[in-house]
Amino acid sequence: MKMWGFIFGGAIIAAILSIFFLWTRFCKFGIVQKLSGGRKWLRRLLGLFPMLVIGIFMVFSLVNTGIVVIHMSFYWLIAEGIGALVRRLRRRKKDSSDAEGTDDRETSAEEKKQGREKGFHPYWIGIIVLCIELCYFSIGWYQAHHVWETDYQLVTEKDLGMERLRIAQIADSHIGTTFDGEGFAKHLETIQATEPDLLVITGDFVDDDSTKEDMYRSCLALAGFRCKYGVYFVYGNHDKGYMRYRNFTADELREALEAAGVHVMRDGVELVDGKFYVIGRQDKSVGDRAPIGQIVSMLDQSKYMIILDHQPNDYDAEAATGADLVLSGHSHGGQMLVMKLVGGLIGTNDQTYGIETRDKTTFIVTSGISDWSIKFKTGCRSEFVIIDVTQQ
């Protein structure tokens with residue numbers, strides 16, 4: 001919780017600084033310069049109008065508006081830096097020109113000064129940045145609200161007892177963010193069409209903003225899902241709720257899942273049809289969860305072992321068990337491009353997205369089928385995962 005407090009605190013400070021920075025940038029637009037007629041106080045006042053619009057959006061969606069503002073400031077700073085570098089290179093080139101060129105430069109400078117006084121100079125950096133941001137967040141919205149299929153093919157030396165095991169994985173649906181219960185049911189229909197043998201849900205099925213109605217509708221859709229070996233679920237850090245203001249309890253969620261025939265796992269093991277193990281871990285946020293080595297210590301190592309662990313944060317211990325496959329979510333694939341880069345640098349998780357092998361263990365982290373609160377994905381896209389495991 002201390003880490004999240006630090007992250008949210010830093011985000012709030014960054015948003016405040018970004019708003020002030022953007023205000024200074026909006027004051028530089030040509031239309032503002034023209035309307036102000038050279039009066040600084042009026043130019044600053046006119047520059048506040050875009051800030052007023054931002055403030056209105058923050059009332060309706062504080063987190064998403066904050067994300068937009070911080071990203072816009074970040075890219076604007078980069079653009080300003082590039083612009084300053086270009087201007088410096090141009091000045092150096094002109095300084096090396098002959099006397100005639102110098103006279104031309106003075107004339108050009110005088111013309112620019114007159115243009116500024118008249119208020120007819122476009123602020124090209126600002127225009128370009130706004131166009132880029134519009135495209136950037138439009139793509140991010142699309143990638144968050146549309147779901148793709150991501151496929152992996154794995155090979156094992158172990159006896160599966162079948163020619164191929166097809167596993168469908170979903171995570172981080174956070175019901176109510178980019179789709180409701182009906183939307184979840186439609187996504188399940190798409191997954192059903194791939195004919196999986198096993199469906200696993202690796203956490204954050206619901207969130208604080210999920211409604212009881214959507215939770216029940218989603219569980220009803222799971223009850224109608226048909227696959228040979230059933231549906232297995234492990235909790236994420238959001239499933240039990242943080243704020244305690246949603247209109248259903250963690251027990252009601254568990255009861256609804258179990259009534260739908262879902263195997264709810266908490267540091268448990270199930271031998272499926274005598275062929276392979278599914279090991280479901282408590283989320284890392286549960287302080288007293290059992291060590292993975294303890295959970296699997298008595299298992300038959302000759303059988304294929306699948307670990308479901310919401311957060312990809314225990315790779316060394318999980319690889320040491322000799323498990324074959326570990327499936328996680330939580331990281332949202334890095335979510336936003338900048339967040340993905342920063343998260344990778346500071347090592348927030350053992351892995352942010354994709355597939356990795358350590359010793360004999362394969363780890364897969366999905367970007368999730370939806371989002372927590374943030375309704376954009378620019379560092380990845382929403383997905384469900386299909387994993388085909390075949391014998392060598």
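This is a predicted model: local features need pLDDT of at least 70, side-chain atom pairs count only at pLDDT 80 or more; totals for chains, interfaces and linings use all residues.

Start with helix α5, which spans residues 62–95. Its partner here is helix α7, residues 124–145. The two axes come within 10 Å. They cross at roughly 140°. That angle makes α5 oblique to α7. To count as roughly antiparallel, the angle would have to be over 145 degrees. The crossing of α5 and α7 is right-handed.

Now look at the residues in this contact. From α5 come Ile67, Val68, His71, Met72, Tyr75, Trp76, Ala79, Glu80, Gly83 and Arg87. They meet Ile125, Gly126, Val129, Leu130, Glu133, Tyr136 and Phe137 of α7. By class, 11 of the contact residues are nonpolar, three are polar and three are charged.

Next, pick out serine 73. It also sits in helix α5. Serine 73 counts as buried, because its relative accessibility is 4% and the cut-off for buried is under 20%. What does serine 73 touch, leaving aside its neighbours within four places in sequence? Its contacts are Ser18, Phe21 and Leu22.

Rings come next. Tyr75 of α5 meets α7, and Tyr136 and Phe137 are on the α7 side of that contact. These three residues return in a cluster linked by ring pairs, along with Phe74, Trp141 and Phe376.

Across the structure there are 18 aromatic pairs. One of them joins phenylalanine 184 and phenylalanine 205. Their centres are 5.4 Å apart, with 75° between the planes. The pair is edge-to-face. It links distant parts of the chain, 21 residues apart. Phenylalanine 184 lies in helix α8, residues 181–192. Phenylalanine 205 lies in the loop between β3 (198–202) and α9 (212–223). Are these two residues buried or exposed? Phenylalanine 184 is buried, at 1% relative accessibility. Phenylalanine 205 is buried too, with a relative accessible area of 0%.

Helix α9 packs with helix α10, residues 250–259. Their axes are 9 Å apart, at an angle of about 25°. Therefore α9 and α10 are roughly parallel to each other. Their crossing is right-handed. Lys212, Met215, Tyr216, Cys219 and Leu222 of α9 meet Glu252, Leu253, Ala256 and Leu257 of α10. This contact has seven nonpolar, no polar and two charged residues.

Key:
Residues are numbered from 1 along each chain as its sequence is written. Side-chain values use heavy atoms; hydrogens and water are left out. Axes are lines fitted to C-alpha atoms, for helices over the stretch in contact, and angles run from 0 to 180 degrees between N-to-C directions. Helices (H or I, at least four residues) and strands (E, at least two) are DSSP runs, numbered from the N terminus. Angles under 35 degrees count as roughly parallel, over 145 as roughly antiparallel, 65 to 115 as roughly perpendicular and the rest as oblique. A crossing is left-handed if the near helix is turned anticlockwise from the far one by less than a right angle, and right-handed if clockwise. Contact means heavy atoms within 4.5 Å. Ala, Val, Leu, Ile, Met, Phe, Trp, Tyr, Cys and Pro count as nonpolar, Asp, Glu, Lys and Arg as charged, and the others, Gly among them, as polar. Buried means under 20% relative accessible area, exposed over 50%, partly exposed in between (1.4 Å probe, protein chains only). Rings of Phe, Tyr and Trp (its six-membered ring) pair if their centres lie within 6.5 Å; planes under 30 degrees apart count as stacked, over 60 as edge-to-face and the rest as tilted.
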